[in-house]
Amino acid sequence: MSNNNQINVPEAKEAMNRFKMECANEVGVNLKQGYNGDLTSRQAGSVGGQMVKKMIESYENSMK
């Protein structure tokens, strides 16, 4: 089985990185450009959770 989590459109990758940085800032996690493998699981999870929360909010707002 191959892992297909690659973003193939450069513009989408840049937008996703900006979104990730914005969400990290909102939850108080300091992300660096490039490798962030030194984050704790809690920090990484809080960034991912914030991203999902904002995506759900955006979807719900578009349904109104």
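Q: What should I know about the model before I start?
A: It is a predicted model, where local features need pLDDT of at least 70 and side-chain atom pairs count only at pLDDT 80 or more, while totals for chains, interfaces and linings use all residues. Residues are numbered from 1 along each chain as its sequence is written, and side-chain values use heavy atoms, with hydrogens and water left out.

Q: OK, how many helices and strands does the chain have?
A: The chain has 2 helices and 0 strands, where helices (H or I, at least four residues) and strands (E, at least two) are DSSP runs, numbered from the N terminus. The C-alpha atoms fill a box of roughly 40 × 30 × 25 Å, taken along the principal axes.

Q: And how much of the chain is buried?
A: Buried residues make up 14% of the 64 residues, with buried meaning under 20% relative accessible area, exposed over 50%, and partly exposed in between (1.4 Å probe, protein chains only).

Q: Let's take α1, which residues are buried there?
A: Phe19, Cys23 and Ala24 are buried in α1. They cover an arc of only 135° around the axis, which puts them on the same side of α1; the arc is that of the directions from the helix axis to the C-beta atoms.

Q: Which exposed residues sit on the face turned away from that buried side?
A: That face of α1 carries Pro10, Glu11, Arg18 and Asn25, which are exposed.

Q: What do the buried residues of α1 pack against?
A: They pack against α2, and in return the buried residues of α2 pack against α1.

Q: Which ones are buried in α2, then?
A: Val47, Gln50 and Met51 are buried in α2. Seen down the axis of α2, its buried residues fall within an arc of 95°, so they line one face of the helix. On the other side of α2, Ser41, Arg42 and Tyr59 are exposed.

Q: How are two packed helices described?
A: They are described by the angle between their axes and the distance between the axes.

Q: So what are the angle and distance for α1 and α2?
A: α1 and α2 pack at an angle of about 110°, with their axes 9 Å apart. Here axes are lines fitted to C-alpha atoms, for helices over the stretch in contact, and angles run from 0 to 180 degrees between N-to-C directions. The two helices α1 and α2 are therefore roughly perpendicular to each other, given that angles under 35 degrees count as roughly parallel, over 145 as roughly antiparallel, 65 to 115 as roughly perpendicular and the rest as oblique.

Q: Which residues meet there?
A: Met16, Phe19, Lys20, Glu22, Cys23, Ala24 and Glu26 in α1 meet Val47, Gln50, Met51, Lys54 and Met55 in α2, where contact means heavy atoms within 4.5 Å.

Q: Changing topic, where is Asn36?
A: Asn36 is in the loop between α1 (10-26) and α2 (41-62).

Q: Is Asn36 buried or exposed?
A: Asn36 is buried, with a relative accessible area of 18%. Leaving aside its neighbours within four places in sequence, Asn36 is in contact with Asn30 and Leu31.

Q: Last one, what about Gly49?
A: Gly49 lies in helix α2 and is partly exposed, with a relative accessible area of 39%. Gly49 and Met21 are 28 residues apart in sequence and 13 Å apart in space, C-alpha to C-alpha.
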